[in-house]
Amino acid sequence: IAVMGAAYHAKNPENSPAFFGEFDEGEFRFLNGRTVKILRTNGFSAANELEALLAGTMERITDSKSRLFYRDATPLNWINYNGQVVAIDLGSTSYRQPGFEAIALFETPNTGFETLNEEQRTELLKGYKEALQSHGADVGSDEEFLRMYGLASVIKNASGTASRMDHIAKNVAAIETGDRVATERLPGNIEGRNFHRDRTLAALTRTEDYFSNKAAYSTVRDAFAAL
């Protein structure tokens, strides 16, 4: 689906099934700007350093040559229909590098993949890369593919951490007014924050060699570890 969607887009860009369009510089700045703003508002101590690290990934992560069709392929967006695996819910489609789809596949909380260790994740990622290549995608070497996955994971899981922190703050404020729904939602949001925090830390470890600003990198890593 990722490769066929990208091929169709290349031939028929005006008719491509994408809701969010290309993951270009504008989308990059919007997503990461939102992440940093929420984290800063919620007292994250390394917001400035994170902003600098994310900015350093823009040229590579938005390279149009590496984009494939992205359909938010979380395990929740597939069904078993008469013994066949069928994709559903194409409402969040766009065109971006394949690391983002790998994150949707293997880093969505509460789908069973949270129990995987890093070695198992790497094997799954290599399998996904081989599947893309078998359908004609040029996704580079194992090392490059895993690095790009790691950079995308930093971006997406930092965003996920920020969103959950925002929800937690709102839950806490609502609980003080006696809101029972907020009381019920708070544990899940804390669990979600911890999941995205841990995945952010794993992604930072995977991509450590990519970042030249070692002081900012260490500050960001320590700040996430402290959440």
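This is a predicted model: local features need pLDDT of at least 70, side-chain atom pairs count only at pLDDT 80 or more; totals for chains, interfaces and linings use all residues.
Which residues of helix α3 (residues 47-55) are buried? Residues are numbered from 1 along each chain as its sequence is written, and side-chain values use heavy atoms, with hydrogens and water left out.

**View 1. Buried residues of helix α3.** Ala47, Leu50, Leu53 and Leu54 are buried in α3 (under 20% relative accessible area, 1.4 Å probe, protein chains only; helices are DSSP runs of H or I, at least four residues, and strands runs of E, at least two, numbered from the N terminus). Down the helix axis these buried residues fall within an arc of 120°, so they line one face of α3; the arc is that of the directions from the axis to the C-beta atoms. Their cover includes α2 (25-41), α4 (58-61), α7 (142-175) and α9 (214-225).

**View 2. The largest pocket.** About 670 Å³ of space lies in this pocket (an open set of points on a 1 Å grid where a 1.4 Å probe fits, with protein on both sides within 12 Å along at least five of seven lines; lining residues have an atom within 4 Å of a point). Among its 26 lining residues, Tyr70, Asp72, Arg96, Lys156 and Ser159 are the closest to the centre. Helix α7 gives the most to the lining of the largest pocket, 6 residues.

**View 3. The second largest pocket.** This pocket holds about 250 Å³ of space. Of its 13 lining residues, Ile1, Ala2, Val3, Tyr128 and Leu132 are the closest to the centre.

Key:
Buried means under 20% relative accessible area, exposed over 50%, partly exposed in between (1.4 Å probe, protein chains only). Contact means heavy atoms within 4.5 Å. Grid points are joined across faces, edges and corners, and a volume is the space filled by probe spheres set on the points.
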